[in-house]
Amino acid sequence: MGRRAGAAGIALVLGGAGILLGVAAAPAQAAEVSYATKCIPPAASGLDPVEGTTKVEITAPATAKVGDEVEIVWKFTQAASKNPDLIDLPEDSVKPTGTVKAAGAQTADVPMEGPQENPAIPKGGDMVLSDMTGKVTLTTAGEVTLTPDAYTITAYSTDTVCTPQETVPAAATITVTDDGGGTTTSGGTTTDGGTTTDGGTTTDGGTTTDGGTTTDGGTTTGGTTTGGSTSGGDDGQTDFEGKTVTTSFACTSPGPEKIDSTATINAKKNGGSYDLTVKTAEGVMDSPAPLPAGALKPSMVITVGGDDSGSLEVEGPANKEALNAGDPVSLEDMTGTYKPGADGKATLSPGDLTIVVTLSAGADPITIPCKATKTGVSLELDVEKQDGGVSGATTSGSDSSSSSSSSGGLAETGANDNGGLRALGLVAGTVILLGGAVFTFMPRRRVR
């Protein structure tokens, strides 16, 4: 019986959001701490700051050794603010992040993050936040205290930032002992996720062996690899692989202010013409709300240069899978046809991008134009002039109307007024823009 009770003391912490099971040595059993907190809603909401009380439990091992990486769990027993009387927050639409401050023998700001998991929260209801976890490597013997600090509540890609308004008491203490050990690794140098063996140097995700140097994701044995370009020729070749180029786009609302991505144009010869496939980087922005399958459809203008001139359009299918709020958005591969309008060497470069968003069946599409502010030549081809070719003209690689002007955008949804954020409702899984609702895609970290 005593053994059973001891195991329960080690493993079990019960709370409103669920059950947390620990597998480390006896966790630090800390009393709940509470502190006065001020939460700042998104500026576009027009809501005043909220002052309330945050109540938190921090769980961590009671003892550890220098060099150990330990996990910290932050459990909300009460958030400082409630859900405002604007919208019902659907299930799994809210994500918390925050910071735990380590002090004493070692000082550190430990980033904490919880999953986007929550029950449906009605207007004016208590904010229910998932448990956050973080890890810290212990470097110094002695007592290390853990204190909850500021945290952020993210919903629909907007942030409410909550900061302490008083000195917060420590919530847990780890006693760290020095076992005299250490870890030393000799050999190569690795930067930004690469793997190195035998003294090589790897940068930006490449793999190097036998002393080679690799940049930008290539694989090299005993030598150096960098990006290249591909040119078409008249030697019977039918498939042409383009170079991946860095692109930037400036979008109009409700698109992100800026998209940093990459694009690659590949071609397959088809008679005197070329079937094009354009690939862009994955996860270039965040979905602002749950979106059904078929909601997002991309198209792009391809600029033709060199001995030929003009432009053409490529178009991609809509997203195959539904998206949750905050999910990374990737654009499907876009296809179209290039018919040369001149003899010689033609260059193909990614140009302006258009994203059409249809929130539900029968809804007016929201057209998001994105102007290319940075691009480059992805593919060069040796071409022969074809009747009706692209030279000096703009042609379309698709019969779809997805590249319609921005007049089909937010103005037609009734969302382009001066009311600011009033409501972003969710009815039967369909996002609806109400009054001056803000529906904004957020850019993700630049893709290399």
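## Cavities and disulfides: worked exercises

The lining of the second largest cavity splits into five nonpolar residues, two polar ones and no charged ones. You're looking at a predicted model, where local features need pLDDT of at least 70, side-chain atom pairs count only at pLDDT 80 or more, and totals for chains, interfaces and linings use all residues. Residues are numbered from 1 along each chain as its sequence is written, and side-chain values use heavy atoms, with hydrogens and water left out.

**Exercise 1.** Work out which residues line the second largest cavity.

*Solution.* Start with the term: on a 1 Å grid over the protein atoms alone, a cavity is a set of points where a 1.4 Å probe fits but cannot get out, and lining residues have an atom within 4 Å of a point. That gives Phe249, Ile259, Ser261, Thr280, Val284, Leu331 and Leu353. Next, sort them: Ala, Val, Leu, Ile, Met, Phe, Trp, Tyr, Cys and Pro count as nonpolar, Asp, Glu, Lys and Arg as charged, and the others, Gly among them, as polar. Last, the volume, which is the space filled by probe spheres set on the points, is about 30 Å³.

**Exercise 2.** Describe the largest cavity and its lining.

*Solution.* First, its space: about 40 Å³. Then the lining: Leu296, Lys297, Pro298, Pro317, Ala318, Asn319, Val329, Ser330, Leu331 and Glu332. Sorted by type, that's six nonpolar, two polar and two charged. Finally, strand E25 (residues 296-306) supplies the largest share, three residues; strands (E, at least two residues) are DSSP runs, numbered from the N terminus.

**Exercise 3.** Find the disulfides and say what each one links.

*Solution.* Look for pairs of cysteine sulfur atoms within 2.5 Å, which is what a disulfide is here.

- Cys39 joins Cys162, S to S 2.2 Å. This pair ties together distant parts of the chain, with Cys39 in strand E3 (residues 33-40) and Cys162 in strand E11 (residues 158-164), 123 residues apart.
- Cys251 pairs with Cys370, the sulfur atoms being 2.1 Å apart. Here too distant parts are linked: Cys251 sits in strand E21 (residues 245-251) and Cys370 in strand E30 (residues 366-374), 119 residues apart.

**Exercise 4.** Decide whether Cys251 is buried or exposed.

*Solution.* Check the cut-offs: buried means under 20% relative accessible area, exposed over 50%, partly exposed in between (1.4 Å probe, protein chains only). Cys251 has 12%, so Cys251 is buried.

Methods: 1 Å grid on protein atoms, 1.4 Å probe; cavity = no way out; pocket = protein on both sides within 12 Å on 5 of 7 lines; lining within 4 Å. Helix = DSSP H or I, 4+ residues; strand = E, 2+ residues; numbered from the N terminus.
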